[in-house]
Each structure stands twice: as structure tokens, then as C-alpha cells.
Amino acid sequence: MPPLTDRYSLPVLEGAEPWRSLEARQGAAPAPSPGEFPLDADAPPRGLSRRVLLELAAFGTAAAGLTGCFRAPPEKVLPYSRQPPDVTPGIPLHYATGLLLEGYTRGVLVRSQEGRPTLVQGNPSHPESLGAAGAHEQASLLGLYDPHRARAVRHRGAPTSLSQVFQMVRRRAARQDGGAGLRLLVEPTASPLWTRTFERILARFPKARVVPFSATRTGNAHEGARLAWGRPLRAMPDWGSARAVVSLDDDFLSTLTGGLRAPREFVSARMPPALNRLWVVESRLSLTGAFADERLRARPSRVPWIAQALAAELGRLLGRDALRVLGREALEPAEHRWVAGAARDLAEQGDEAFIVVGESQPAAVHALAHLLNATLHGGTVRCVDSLLVPAPDAAALPALVADIRAGVVDTLLITAWNPVYRAPTDVPLGEALGLVEDAVYCALHDDETAARVSWSVPSTHPFEAWDDGRAVDGTATVLQPLIAPLVESAVPPLELLAAFAGALATTPYERLRAQWREHAAASGGFEEEWERWLAEGVVPGTQLPVQQAAVDAASVLAAAQSLPPSGDGLELHFVTDVKVHDGRYGANPWLQELPDPVTQLTWDNAVWVSPATASRLSLVRGDRVRLELHGRSVEAPVLVVPGQADDTLTLPLGYGQRLGSPVARGVGFDAQVLRFQDAPWWASGVRLTRVEGHHGFALTQEHWHMEGRPIALQTTAARFAAQGDARLPALQAPTEHLYPPQPVPDASGHRWGMSIDLHRCTGCSACVVACQAENNIPAVGKDQVRRGREMHWLRIDRYFMGDADNPSVITQPLMCVHCEYAPCEYVCPVAATVHSDEGLNQMVYNRCVGTRYCSNNCPYKVRRFNYLEYNRGGPLDRMYRNPQVTVRSRGVMEKCTYCVQRIEAARITARMAHRAIRQGEVRTACQQACPTEAIVFGDLNQPEDPVTRLHQDPRHYALLNHLGTQPRTVHLIRLKNPSEATG
Amino acid sequence: MSEPLPLAPVTADPLVVHPLLEERRPDAQLGEALLRPVLTAPGMGWWALVGVCAALSVLLAVAITITFVTGVGTWGNNIPVAWAFGITNFVWWIGIGHAGTLISAILLLFGMKWRNSVNRMAEAMTLFALVCAALFPLLHLGRPWKFYYLVPYPSSLRMWPQFRSPLTWDVVAITTYLTVSVLFWYLGLLPDLATARDTAKQPWRRRVWGLLSLGWRGSARHWRHWRTGYLLLAGLATPLVVSVHTIVSFDFAVAQLPGWHSTVFPPYFVAGAIFSGLAMVLSLLIPARRALHLHAVVTQAHLDALARLLLVSGLFVAYGYVQEHFFGWYSGSPYEMHVMNILRTGPYAPAFWTVFACNVLVPQLFWSARLRTQPVVLWCAALLVNVGMWLERFIIIVSPLSEDFLPSSWRHYAPTWVDLSLLSGTVGLFGLGFLLFLRFLPPVPISEVKELQHELEASEAFAHDVSVRQGGAR
């Protein structure tokens, strides 16, 4: 096999500029004094650095005819003649950068192995990550190496060159009509560079318009803030001090919609003995609802009325008569109990209680929540300025289509992801795009939008371009590229805009630096600062000041009173999918195969219906139905989900793509067909008819009931404090054995162990993807998942308890528990699974012949078997794999290793430094990713290690303890804090 | 002195209802009659059956090729049901093999004369069943090309198999069983191969059979050594009947899976093995008896004896079912009880109740002496028992795997066409082997039948003498 560099002309051998890695920074690299050397003097003198590559890439795009020349011809790649100081083959480097989700940045550290990004982790310095990383950030790695990325620049379907695109762009940018025909269709972003670019474009072309488009930010929160404060603020609840939280359909525990910081702080404020209380009202079962102490299910149109009733009740309790005008609709008994309990809790906790509202709720409900929070908090609400530019506005896209139809628009630059697919069904954007003479679309895939525009340009992946962004709290991050674009003609989307901003001559890198030079000007010493920002992944001092903003009660109440009454009959309810979001992650096999934490569904979406509604309509799982709304119809399969509100049909968005990546194409159905611009989140008047056929879902967990077995345990905090849990003693008791006891190492030895706190676990599934990325676990596809052959080493079991209509839900991460007396070990005929002297239950892949006896004898069924050759893949698939973990072939059993490669790496480091492995030095991938710190790994031989303390925690228990397996991974029982009034 | 009494009837013993040999013939004639299937050209029926079996064997070859090339993922197995059709077929075929050894070895040691006419066919069946069985442990491996890791050989890796695993014991048990079965069968064949050599017309047949008969000349010394050796091997094979299936049952009993982990498994499996083997013997013997006109040597007495054995072993099996469910309940373990419940009422209930009907109810027919000698009834019952025993293995293996400790991992199993091809393909291979055996080797042990005839004549003469003497005294 030729060396990697022969096959891919990557900057593999160039290494990195020293200031980009944390290691290098710690390793006392002498900082160049400012001004002594010319710019970039510290870059490697010869060859192509990543930076130069990108500069050349940009230059190449600008200079016609030069495209393609910036790649080193493969035959001329030479070995290191002098090794760059940073790069030691086999030793990974970590680079701080960030990823955008819904316009805001989350800081990540990307592990780079000889120039190839191989893992995305959270950046501990970043306030919105705190070291954790959600499933989407981690899975974005796969998007980089996606073999189905768009490769060709096209003009009306025919291949063309980048120079043609830029000629057109320059021609359009050079005109003097004030930009009357110019429109930009972008997603709202907090990026300073983008914001500045918009400003410059609008300054040069005052008649141009920047049109915001987002399928998931429909402007409700923004409008609600405007109602409450008269200006675009963003509430910043203090999660760390939360004693009582009421969520009105806000899935804040999902890492996708809630971020990483809120779950961590909320859960940390919930630890025994002083639990806070979470009240949730929602239409479908979400992770937040599953975590709630008191959950109320209500049809979507009912939620605003429950919010009003809550306001009225709170007004009564706090003596605010103004609020008592609300709540005119009668409540059902369950609703009434919930509202009364929540209001009392809020009133009692005062300024340590708050209400959060989901984006799907109308602006008036957002405003009402701000008003109630202000009432609770002494008149003001903790806020920061909203950074999103352009401000989310659902009316902007229809206006754009109207402009296009009026013939006003001749130039349209689209950087928003696939707006044709995501546009409301009554906004005919796709047809309109055909009318625009020069519509340019820059994206990662040749999707529905690319098929409609006149120019489609492949976009760079976020790991391939310079950019910047800001977190929700304002903290800025400079996003640095990790690798030269893998697609030759890829262009950073901002480049298309830059021409109009009058900045074509400089490179993106230079523009970015120029932007930030101004910021540094205050503190001086730009070069040092810049290097520090890149190394740390945050720009200090960019945090937004927290304001205490007073709420305009009159306008809020007026808006709340004008809310339409709740509807009757079946209601459609659209939700952002927890895996593919609005569809933008549909091309990502890791996320497609990630089981939905609630339904455990992979590679699909479905119409969620409640058990009661299903039996009323005589529907069962897999039945196909046709949904019709205002003349649009879609056929979809039904999934009966406990906890769903009755008469509510929940449709996850983001599936049923018709073009684009073959991974996403044809997966699920397109709920967008029924989504009208005046009803983006729910709609009544839907007609449901059964149609022929049955749909086979790929569910990773088919049985949802615990059968009364003590598996995922939960009790109430009050009961636990008073008398403990009756099931625990049997699950903590020592067990007897015929075999001799396992040898206990002396003080210098290690006994690795883990604990998983069910009380902290929200089920967000970040750990599942982390494990998949770290351990080279393949995605196997829908057919294999249906056959029960998914390969996830770490799975999140989800059980429903109690009433099927409104069950209690618990999630339980489970991977190999590394039994002291492992049932798998004694049945393997070839000794392919053996015990290490540190207590790891190890798989010897080379020795495994695949009898699968170990899996049969594993009571936890955490072993995974390569039934087929799942790791067959193209050259790109080989690039993202972790070189420290064996890629398993067909016929071999595999399972969680406790990230043994990380243990060994730590051992090597420690041994070279002549010291012991430090406490906390080994962190497993799942532990590292977990936003709520539910997973703790460590050395049970160290009495001070957190894991040792958790193993002695009164809440700990060994799963299936009666079998005598003595698992090294223990679980901790989850506590709930129901209100006395309702529970 | 009175007139000498007429020759006593053949069925002198009141307990023996049916004669073991329908007629008496001179040795040479008898030998020729028994060699006739081998020496005459086969009929259309034989060719048709060979065609069917060969086609199924080709299907088997295709399925094996696909399994090897693409992987064991072409089967329906999943996690948690990591063993399904493959191991079911393995246990079923191994069990079938047991009847041959039972008939040839154990009945020999017990001096059961009726075994002589049927033991050759039963042994041949054992061999082909073992060949079919031996395919599956190999096929079901994830990496079959590494199968030798299971064999204890002095490797440069200094790795031995892991001897605590029942699969390692399986390797030993099955190879021993196969070796002993082959030796036993071949040793029994020696005199007949010599007879065939002496009778054959074509030189090539004489040469082949001559080589195979290892220079047998039928001298008294040969016979003395042969009898000693045959008896010794019978003694060696007898414990294997018990041990092999005991060890096969350990694959399940040693695991701690509810529904598998049970001390009742070894006797239960052995009884099931003998039961299924007897059923297979009947399934083959009855058509062969009719097609090859063996009524004279395979008489109603044989059918009767086999039917009685079928009934007895069937009762053992029924007792096993009762015990299995009783212990499931008696254990008090919710996990055990759940597995037994899903057998009776869950997704595997149809299979379970079919098993109950075939293996428990059908053998009860043979309390009736009349039905025991009805070949058609016996044959149908035997086929039903075969089906029942296969299903029994299937539900024993698959249902505990499907629903074990953690409900989150529960999942059921559905076979693919490759699974079904492997099952039907091995049936074809088995049939093909048996048909070729009928064509190329004497299906009934000639020497032993001759010996039986002599023994019967001697005992009849003795009985005659006794009756004459008694008559004289009176």
C-alpha cells in the first residue's frame, strides 16, 4: 500500500504551527516578540502549511485558471527531511476550534493524528462546552470525510469552474445600482466575521437584503423578547441555582436544543440531598420530559393556555392581580393539579425558580414567561443581548419569494443549508429560485436546493476553513481549519459573500485576523493574543455583560390575552429531530444510526401517537397512514409512543430528503410537506386515513418494559432519604464464588472501575457517539439494525414504568461492565476474552474465531459481533479512524474496552516521567463527552479517586448482582423529586 | 412310545410374537439375496431420490459458499440470538447419530438378536448424520478459517484452547465419537466386504472390495479376533452414547442463561438424542425395507422393537419437559419463569405446542401392539418425531437467548434463506449419503444375519429336542 501522502495530497507531513496546540503551548515554546519578525515568520519556511494552503486555495479561487495548482502532485511528496518540532508520528495533537449549532458556537478540541482530524471532544476552556461534547459536534467529524460531498461546481447542472463563479460574482459586485437585485439567504449567526461582512455588504449595497432563514428558529423567542423588553435580548437563566424549573415545551436537556452547559448546571443543582424540581409540560415525550419530576402532557395548542393558567395562579399566590386576567380556559383536573403545584413551587422558590419556554411556543408565551420570571426575581430578568444576525424572522423568506416573483432579484447568494427542502410548504422557494438569474448555493451536498439554483458550489466543511463564532454567552472562538479541503473545488461559504463586501483581494485568514486585530488593539500585542486564542479556543473578554432587564408587563399581557384558543381534534406537532436536526445531519451515518433516546428508532422518523389515540384509531406500530392538511398530504408510518399527548401527531423534521447524500435520501418521510408558514410548529384540521402496507422500523430496543426486574432503578428523594431503597441491599451484597478470588493489586497497582449515575443521566446519547468515534465502531445501516446487529458498544437502554399514557421514563447507559467473574471468559473456547490483572475484561481480536458463545453467556448482552464485514469503506473512511484502536474485521466479537488505549497511553506517559498514573489522568471517551458528568471512570485502588467514592455511595448498585459477576461498573439509583401535592 | 411331535413353531417363546426371520434359506442363497441391492442395477426410484438429494446438496454447497464468502451475517442470527439454526441443526444431527450407536453397540452388549438385521443401516445413518452435524460448528464460526484454534495442538503461539469452555469439550467429544463410530462401522463391514468381493463379477468391484476388506478370509482366527475387537469397540462406543450428548448439553447447561442453566439437561438431551435417532432409523428403515424387499430379514419383530424403544425414549423426553418446566417454576427465579412462560404462551408457543404434540402425544400411539407393526403409521409417526425434535432443539436454543435478563436487549429471530438452505441441504446430503450406501455397501450385515439364522436354528433344534424329550417322558 502506498503511503498515505501518496494517496491524498494533504498537509499530512507539514505538521502544525506550534502555537496551535495546547501541548506546544504548555511546552514553553518561546513566544516571538511582536514586530521582530515579519508576519508568519514562525511558520515552516518551506512546503505547504495548512495556512498557506488555505491562502492559496483562496487565491486560487480568485485567480482564474489557478485552481487545482495548489495541490502537491502526489509523486513529489517527500518524507520529512527535517521533522517539524510538533509532529511525532503516532502522538496525536489537539487543536481548539468550534462548531456552529443554530448560529452559536460550541468550543471543541479536535484530535489530529498526523494531520487527520480523528476525534472531536469538548473544550474545557469554553463556557458552552466545559469539556463535554454533544452527539452532533462529535459526529461532525464524519461529515468532513463524507464520500458523498458535493465535488463539482455546476452552472445550471453542467460542470463549470470556480473561476466562472467568481467572474460572475465580481461582475455582480461591480455594479453600481445599490444592490437592488442582491439578496443573501443565510442562517442567523452570531459570528463577528459574518456580522461584519453583512454590515459591509449592506453599506456598499444599501438596497440589498440579508434574508434570515432557519427551520428551527422561527422567530418566536426573538419576537417574545421584543414584546417583553422591546429589544432583542436573550434570557440567561441561572441554571446553577435552579431550585424549581418549569419548562413549557422546552427540551433544554437535549444537547441539540439546550446546549451542554444548561444540562450540566441544572443536573449539578439537583444532586442529593437537596434536589431541585423540574416541571415539564409538553406534547411528546422528550428527554427533558423523561427527566421531569412532574410532567404534564398536553396537546401543543393547549400549552399556551396552561402557561396562562400558570400565570394566573402565580398571580393569585403572589398577589399580582394584573396576572389574574389570564387563564380563561377551563383546565382538566390533571392540568389543574400540575398548574397549582408548579405555581406553588415557583412562588416558594422565588428568585431561585424560573420558567423556560421552547422555540415552538408563540411569542406571547415567551413574553409571558419573561414577565413571570421578572415577577419571581424582583422585577427583572437575567439577560444578554441577542447576537443573532440577521434576527430570526419567519416572514423574511416569503418576502424573498415575493421579491423574486416580482422580478426584483437577480443575484441570490445562499449559504443557509438546503432552504428548498426546509421552506414552509406554501412558500414555493424551489420554483422561485429558477427565476433568479444568478442564484449561487454553497453547500456540502448536491441537494434539493442545488438542483434549483443556477450556480452550485461545494462548500468547505467547518474543519477546513477559517471562521469565527460566539457562544450563547458571547464568548468568541476563532475557528481554525484542521485540514486542507478534501474537496478540491470547495469554497468557504463566506468567500461568496466576501466579494460583495469588497474584500476579494485578501484571504479569509487575513480578513479574520484583520477583524480580530481591532479587538486586540485594546490589549496590545496582537500576535501573542491571537496565538493564545487559537490555542485555548476562546477569546477572553468577549463574554456579554449580563443585564437585569425589566419587562413591559402591559404589552406582554395584551399579547397573552390575544392568544387564540386551543384547538380540537387531531393536531400535528412538528419537532426538531434529536438526531438529524432539521435534516442537515441526515447525511451522517453515525447520527442516523444513533437510536432516538426516547423511541430507540434509527434510520427513520415516524408519526408518534399516544397509546390511547392509537387504540382509538386502531393503529399499531408500523401501520401506514396518510396525513392531509390544506390539500397537502404525506404518507408515513406510525409509532406508538408512551407519554405522547392524546390526539397529537408528532412529526420529527429532517427526513424524507429526495436529493443530497444517499445516506439521507429516502430515509423516513418529509414532515415539511405539512408545515405551513402560519403554522410552523403545530396545526389542527389534519385528516388521517389508514393506507395499505406495513413499515418495518429499525428499533434497537423493542421491549420497553422492565418486567418488574431491578434493572434501572429509581425512587423518590424523600423515600430514599427516609428509608433507602428496599431493592438496593440485595444489589450491593457481596456474592460467593467457586473460583478463587481475583488477586487484589498492591497500592501501586490499578483496579479500573466505572460508575454511571442514573440520577445525572439525561439520555442525550453524546456518550454513544463518543464511543463510536473513539473506538472505530462502524455504522451498519438500517437493514442490519433491523436484524439486531447494531455495533454500538455503549447503548442507552430506556424503560417505561407505570401508566402507559403518562409513564415514568428512565435511561440507563450500559456497556461492558467488566465483571470480576466474567461469564464470557470461561465459555470462550480459544481464550479470546481474558481478564487483565487490572480488572479489565479484554478482547483479543486476533484470537477470536467467532463462536459467539461469550455473547450468549453475557447477562448484560453488551457484546457486539461483526456478522459481516462492516468496516469496508473507501479511502476516506480509513482517514477518520483512530489509529490506536484496532479496526475489527468480520467474524470477530467486540465490546467496550474501558478505552484501554487511553489507559495504555497514560501508562506510557507516566512511565516516561517516572511517576504513577495520576488520578483522573485516564478519561474514557464516554466520560469525556458526558455533559452531565454521569459517567466517572477511575482507579478503585485509590481511596481518594472519585470512582472509589461513588462505588461506596449509598445509591450505588451492581446490575444483576445475584449472578455473582461483580461488575466493575456500578450504577447509581436515580432519585425523583415529585411534589407532595401531585405525587 | 408315541409319534414324534411335529417341528415346534418358530415362535416358541410366548413373549416373541413376531419372528426375527420370516424364512430360512441356505447361507449362499441368503448371502446372495442380501447382496442383491449392491449387485443389481438401481431402479428409477433410486435415481429420482438421488436427483432430489443431489440438488439439495448443491443448494447446501451454495449456502456454504455464501456463508464463507460473505460471512455468517447471511444467517438470521443477531445479538442476543447469536446461536440459532446452525447450533440447532448441529444438536439435531448429533442426536440422530445416537440411535446407530445405541443399536449397534448397546444392543450388542445386551445380546439383543434383532439388532443384527438393522445395525448396518443404523450405523451408516450415524455416520452421515455426524458428517452433517460436524459441518455446523465449522460453519457457524465467525472466522471458520481459524477453526483449528479450538483444537489442542502444540502451537508455536504457546496457546492452548481454553479448557473450561464446553465448546472445547465438544471438539473432543465429537471427534472421539466420529472416530469410534467410523471404526465400529467399518469393523462390522469387514466380513461382508469380503463376501461382496467373493460374489462380485466385475474385476474392479472385486479389487475395490478386496482392498476394503483388508484381506479377510474368514478363518476361525479372523473370526475370533474380529469378535473380540467388535465387542471391545462396542464397549468403547457405549459410554459415548451418553457422553457425547451430555457434553453437547453442557454447551447450554454450563452457560448461566435462564432456560439453559439446568442440571436436567444432560439426561434430557441424551434421551432426546436416542428418541430422535430411533425416529430417523424408522424413517429410513421402513422405505428401505420395502424398496429392497428386506421383509424376510427386517420383520415385524424389528418394527415392533423399534416402536417400543421409541415409546420408551419418548416417555423419557416427556419427563424431561415436565422437569424443565417444573424446575423453571420451582427455581422461583423470575428470569427462569419468564423463559418457561414465553415457551408456553409467548412468541415460541406454536413451536412449543407442536413439539409437545409430536414428541409427547404421537409416541403414545405405540401402546397399541397393532400400531407398532403398521409400517405406514410408524413411518408417519417417525417423521413427526423428527420434526418435533428439530423444533425442540430450536426452541431450547433460541427462546432463552431471545428474552434473557435485561428486557432492553430482547429480540426475536427469523431465519434467512441461507439458514433454510443449510437445513434442507444437510437433509439432502444425508439422504444422498444413505442412498449411495444402499447402492454400494451391503445394507444388511450378511454375516450377522447368517449367524442369527444359525443361532435360531440351533435354539429351535434345542427347543425341539426338549419338547421331544418331554413328550417321551410323558
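These legends describe close-up views of a predicted model.

Local features here need pLDDT of at least 70, side-chain atom pairs count only at pLDDT 80 or more, and totals for chains, interfaces and linings use all residues. Residues are numbered from 1 along each chain as its sequence is written, while chains are lettered from A and ligands numbered from 1 in the order in which they are written.

**View 1. The largest nonpolar core holds 446 residues.** Such a core is a set of buried Ala, Val, Leu, Ile, Met, Phe, Trp, Tyr and Cys residues joined through C-beta atoms within 7 Å. Buried means that 20 or more other C-beta atoms lie within 10 Å of the residue's own, with C-beta atoms placed from the backbone; 12 or fewer is exposed, and in between is partly exposed. Leu368(A), Val440(A) and Val281(B) touch the most other members. Helix H8 of chain B, residues 265-291, gives the largest share, 17 residues. Helices (H or I, at least four residues) and strands (E, at least two) are DSSP runs, numbered from the N terminus.

**View 2. Val440(A) and its contacts.** Contact requires C-beta atoms, placed from the backbone, within 7 Å. Leaving out residues up to four places away in sequence, Val440(A) touches Val165(A), Leu413(A), Ile414(A), Val453(A), Trp455(A), Val457(A) and Leu496(A).

**View 3. An open sheet of 3 strands in chain A.** The order is E1-E2-E3, with antiparallel pairing. Strands pair if DSSP finds at least two bridges between them. E1 (93-101) and E3 (116-122) are the edge strands, each pairing on one side only. Between E1(A) and E2(A) (residues 104-113) there are 9 bridges. Leu93(A) faces Ser112(A) across this pair.

**View 4. Strand E11 of chain A, residues 294-297.** Glu294(A) and Leu296(A) point one way; Arg295(A) and Arg297(A) point the other. All are buried. E11(A) pairs with E10(A) (residues 277-282) in the parallel sense over 4 bridges. Trp279(A) stands opposite Glu294(A).

**View 5. The buried face of helix H13 of chain A, residues 396-405.** Its buried residues are Ala396(A), Leu397(A), Leu400(A), Val401(A) and Ile404(A). Seen down the axis of H13(A), they fall within an arc of 140°, so they line one face of the helix. The arc is that of the directions from the helix axis to the C-beta atoms. These residues pack against strand E6 (182-186), strand E7 (209-212) and helix H15 (429-433) of chain A. Just after H13(A), Gly407(A) takes a positive phi of about 80°.

Note on methods
Two residues are in contact if their C-beta atoms, placed from the backbone, lie within 7 Å.
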